[in-house]
Amino acid sequence: VAITTRLLVSHLSGIRHYEKDVTKVKEEKEKANRALKPCQDKEQKEKEGKGVEKTDSVKLRKEHECEVKRRNSKPGRRDKEFEQEEYYLKEKFESVIESLKIFKNDPLFFKPGDQFLYSTYGFTLLSAVVERVSGQKFTDYMLKMFRDLDMLSTVLDDNEAMIYNRARCYVYNKKGRLVNAPYVDNSYKWAGGGFLSSVGDLLKFGNALLYSYQAGQFKNTNNKLLPGYLKPDTVAMMWTPVPKTEVSWDRDGKYAMAWAVVEKKQQCGCCRQQRHYASHTGGAVGASSVLLILPEELDSEAVNTGLVAPPRGVIVSIICNMQSVSLNSTALKIAREFDKEKWAQ
């Protein structure tokens, strides 16, 4: 079979995640779908009975209730994913090529391109591609990029290094008590969860992407507008939903290229307007995070007069030093509140 970088970045490669048993993966998917179905059926009945969707606040509350039911994410519960032994590896890997040995001899779970399966190891393989193509260590390549983006607080999660203001991470044990997270070495997955950052740095990262996304839309700037870090078409491609993908933390979303995205949509007049946004959650031993980007819907006057400049929109970043905290719905609520406030002015 052929596995392309696009398949890797969209989690369609067939490479496993932490679970090695394909039967268990299928069972978990079916269980998640069954948990989600009552919420979908209830929503469909309300649409048929009342004709229109309720307000955003009501919808968000229902989404949150369904999300809680689906994940059962209450204090004291151990997330099944974090019961996988490979989350707690303590071996030090000197290169991303060396870390490929963890999974390189394992069978693919399905033919590449056929099904979606989120895979941290897919990103490990992707980092090896970056290393070979760039001709330098993946970690060096990324740290240079972070410096270019002025993300000076974003560093490798190296246990031996002295890192100022490194947060202590926490988990709930089986008795529901808060305890220190166990020691792990993340050198086996730099690309999939091996960096430390701050809220401020993640906002810079989000602004750089949003600027790149919108830079090509603005006219009559008298060449005073600097180019984005990435080409506008590149970011647009990254934020375009990929067929056969799915997103566990947002029913409206699809997976794109390393981002979960929701497209702009309104099915009927006076119905809910679905705004376009991109987001990604993060989960590690003792930590949770989310970065959400809600681009402003630019009108023709804004892009033609040159009186405003990118980035235009709302970016929400949350980092929590606790494991298995669901943050995407909270980030979306915050983004919508700031968006409403802006338009109310």
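These are my notebook entries on a predicted model.

**Ground rules**

I worked on a predicted model, in which local features need pLDDT of at least 70 and side-chain atom pairs count only at pLDDT 80 or more, while totals for chains, interfaces and linings use all residues. Residues are numbered from 1 along each chain as its sequence is written, and side-chain values use heavy atoms, with hydrogens and water left out.

I called two strands paired if DSSP finds at least two bridges between them.

I looked up strand β6 (residues 260–262) and found that it pairs with strand β7 (residues 277–284) in the antiparallel sense, over 3 bridges. Ala-260 has Ser-279 in β7 as its bridge partner. I then followed β7 to strand β8 (residues 287–295), where the pairing is antiparallel over 7 bridges. Here Ala-278 is bridged to Ile-293 in β8. The hairpin of β7 and β8 has 2 residues between the strands, and Gly-286 in this hairpin takes a positive phi near 90°.

I noted a cis peptide bond between Pro-310 and Pro-311, with omega about 0°. Pro-311 sits in the loop between α10 (300–305) and β9 (313–320).

For exposure I used relative accessible area: buried is under 20%, exposed is over 50%, and partly exposed is in between (1.4 Å probe, protein chains only).

Ala-258 is not a glycine, yet its phi is positive, about 70°. I placed Ala-258 in the loop between β5 (254–255) and β6. Its relative accessible area is 22%, so I list Ala-258 as partly exposed.

Asp-150 is also not a glycine and has a positive phi, of about 65°. I found Asp-150 in the loop between α6 (138–148) and β1 (155–156). Asp-150 is partly exposed, because its relative accessible area is 39%.

**Entry: salt bridges**

Side chains of opposite charge can pair when their charged atoms come close. I counted a salt bridge where a side-chain nitrogen of Lys or Arg is within 4 Å of a carboxyl oxygen of Asp or Glu. The count by this rule is 12 salt bridges.

I looked at Arg-16 and Asp-106, whose side chains meet in a salt bridge at 2.6 Å, N to O. This pair links distant parts of the chain, 90 residues apart: Arg-16 is in the loop between α1 and α2 (22–50), and Asp-106 is in the loop between α4 (96–99) and α5 (120–134). Arg-16 is buried at 2% relative accessible area, whereas Asp-106 is partly exposed at 30%.

I returned to Asp-150, which forms a salt bridge with Lys-204 at 3.1 Å, N to O. Lys-204 is in helix α8 (residues 199–215) and Asp-150 in the loop between α6 and β1, so the pair ties together parts that are 54 residues apart in sequence. Lys-204 has 34% relative accessibility and counts as partly exposed.

I also checked Glu-296 and Arg-312, which meet in a salt bridge at 3.7 Å, N to O. Glu-296 is in the loop between β8 and α10 and Arg-312 in the loop between α10 and β9, 16 residues apart. Glu-296 is buried at 12% relative accessible area, and Arg-312 is partly exposed at 23%. I noted one network as well, in which salt bridges that share partners join Arg-16, Lys-20, Glu-86 and Asp-106.

**Entry: cysteines**

I searched the whole structure for disulfides, taken as pairs of cysteine sulfur atoms within 2.5 Å, and found 0. The sulfur of Cys-169 has its closest cysteine sulfur in Cys-320 at 9.3 Å, which is too far for a bond. Cys-169 is partly exposed, with 24% relative accessible area.

**Entry: surface patch**

I built patches from residues with over 30% relative accessible area and no salt bridge, joining like charges within 9 Å and nonpolar side chains (Val, Leu, Ile, Met, Phe, Trp, Tyr) within 5 Å. Accessible areas come from the Shrake-Rupley method with a 1.4 Å probe, and for residues only the protein chains shown count as cover.

I noted a nonpolar patch on the surface, formed by Val-1, Ile-3 and Leu-108, with about 280 Å² of accessible area together. Val-1 lies in the segment before α1 (5–9), and Val-1 is exposed at 80% relative accessible area.

Definitions and conventions. Helices (H or I, at least four residues) and strands (E, at least two) are DSSP runs, numbered from the N terminus.
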